[in-house]
Amino acid sequence: MIHETETNPADISQRLQMVQRRIVKTCVNCGRDPDSVRLVTVTKTMPASVVRNAIQSGAATLGENYIQEAREKCRELSDMPVSWHFIGHLQTNKAKYAVKLFDVIHTVDSAHLAAALNHEAQKIGKIQPILIQVNVGRELSKSGVAPEAVHQLICDIAEYPHISVRGMMAIPPFFDAPERVRPYFRQLRELRDSLQSTAKTMGISLTELSMGMTGDFEAAIEEGATLVRIGTAIFGERS
Ligand SMILES: *Cc1c(COP(=O)(O)O)cnc(C)c1O
């Protein structure tokens with residue numbers, strides 16, 4: 001359980017503002033436009049009442065990891081003007097719900113999954129924005145496509161008219177020192193840069209870099225992040 005004092009509305013509001021200030025400060029210090037970085041408030045495990053408080057305090061983009069949990073929250077919060085992003089591992093058999101619920105899906109790592117999303121998006125007349133998840137640390141335990149396979153995956157997905165590739169996402173290996181994570185952020189940005197011109201020829205603009213969490217988002221912004229996914233700094237430790 002999250003401790004009561006950590007999820008009361010005033011605390012959430014204060015922590016959210018603090019995170020937003022840190023994002024702006026980092027942008028200013030490294031010469032980036034603060035509007036080029038969007039905070040994805042990660043709400044996994046948080047009940048709808050807590051998420052509602054966060055939205056009322058200014059959270060405009062939410063990140064959820066689990067389809068079933070998100071379905072319930074989306075329903076309870078359907079009156080709130082907020083953008084939902086999927087950041088968890090997506091199984092092909094949940095593609096239907098992912099397309100229905102989420103404005104952006106950050107975790108596409110196979111042509112097979114993209115085909116399922118394309119099929120479901122086509123059924124409801126949607127063009128689904130997605131990011132390609134890259135396994136920058138080459139960890140067996142993690143999802144994501146290997147860096148050298150991203151080019152082919154983009155070519156494959158370019159064939160799907162109901163999928164719009166917007167960029168890349170990574171969950172680097174865990175280190176408690178942001179400077180040790182930084183090389184992975186840089187690797188993702190460099191990979192994006194190297195594929196940008198080829199992608200352009202297929203009508204794809206790799207604008208978004210989804211990288212950086214509570215412990216390392218400032219380094220991620222310095223390396224080019226456009227979407228930072230932050231939970232703990234806003235809601236406290238999850239159980
Ligand atoms: C939980 C989660 C986050 C948020 O991590 P914090 O350290 O709580 O900020 C970000 N990205 C993904 C993919 C997650 O699963």
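Trainee: What makes R52 and D79 a salt bridge?

Mentor: The N-to-O distance between their side chains is 3.0 Å. The label asks for a side-chain nitrogen of Lys or Arg within 4 Å of a carboxyl oxygen of Asp or Glu, so the pair R52 and D79 qualifies at 3.0 Å. R52 sits in helix 2 and D79 in the loop between helix 3 (67-76) and strand 3 (83-86), so the contact ties together parts 27 residues apart in sequence. Helices here are DSSP runs of H or I with at least four residues, strands are E runs of at least two, and both are numbered from the N terminus.

Mentor: Before we go on, this is a predicted model: local features need pLDDT of at least 70, side-chain atom pairs count only at pLDDT 80 or more, and totals for chains, interfaces and linings use all residues. Residues are numbered from 1 along each chain as its sequence is written, and side-chain values use heavy atoms, with hydrogens and water left out.

Trainee: Why is R52 called partly exposed, and why is D79 called exposed?

Mentor: Buried means under 20% relative accessible area, exposed means over 50%, and partly exposed is in between (1.4 Å probe, protein chains only). R52 comes out at 24%, so it is partly exposed. D79 has 52%, so it counts as exposed.

Trainee: How do you know that R22 and E218 form a salt bridge?

Mentor: Their closest N and O atoms are 2.9 Å apart, so the pair passes the cut-off for a salt bridge. This one links distant parts of the chain: R22 is in helix 1 (residues 9-29) and E218 in helix 8 (residues 217-222), 196 residues apart. Both ends are partly exposed, with R22 at 31% and E218 at 26%.

Trainee: Which other salt bridges are there?

Mentor: The whole structure has 13 salt bridges. Among them is K142 with E139, again with closest N and O atoms 2.9 Å apart. There's also a network of salt bridges linking E179, R182, R186, R189, E222 and E223.

Trainee: What makes strand 1 and strand 8 a pair?

Mentor: Two strands pair if DSSP finds at least two bridges between them. Strand 1 (residues 38-42) and strand 8 run parallel and are joined by four bridges, so they pass. L39 stands opposite V228, and V40 has R229 as its bridge partner. Strand 1 also runs parallel to strand 2 (residues 61-64), with two bridges between them, and there T41 stands opposite L62.

Trainee: How do you know that both faces of strand 8 are covered?

Mentor: L227 and R229 on one side are buried, and so are V228 and I230 on the other. Strand 1 is mostly covered, with four of its five residues buried.
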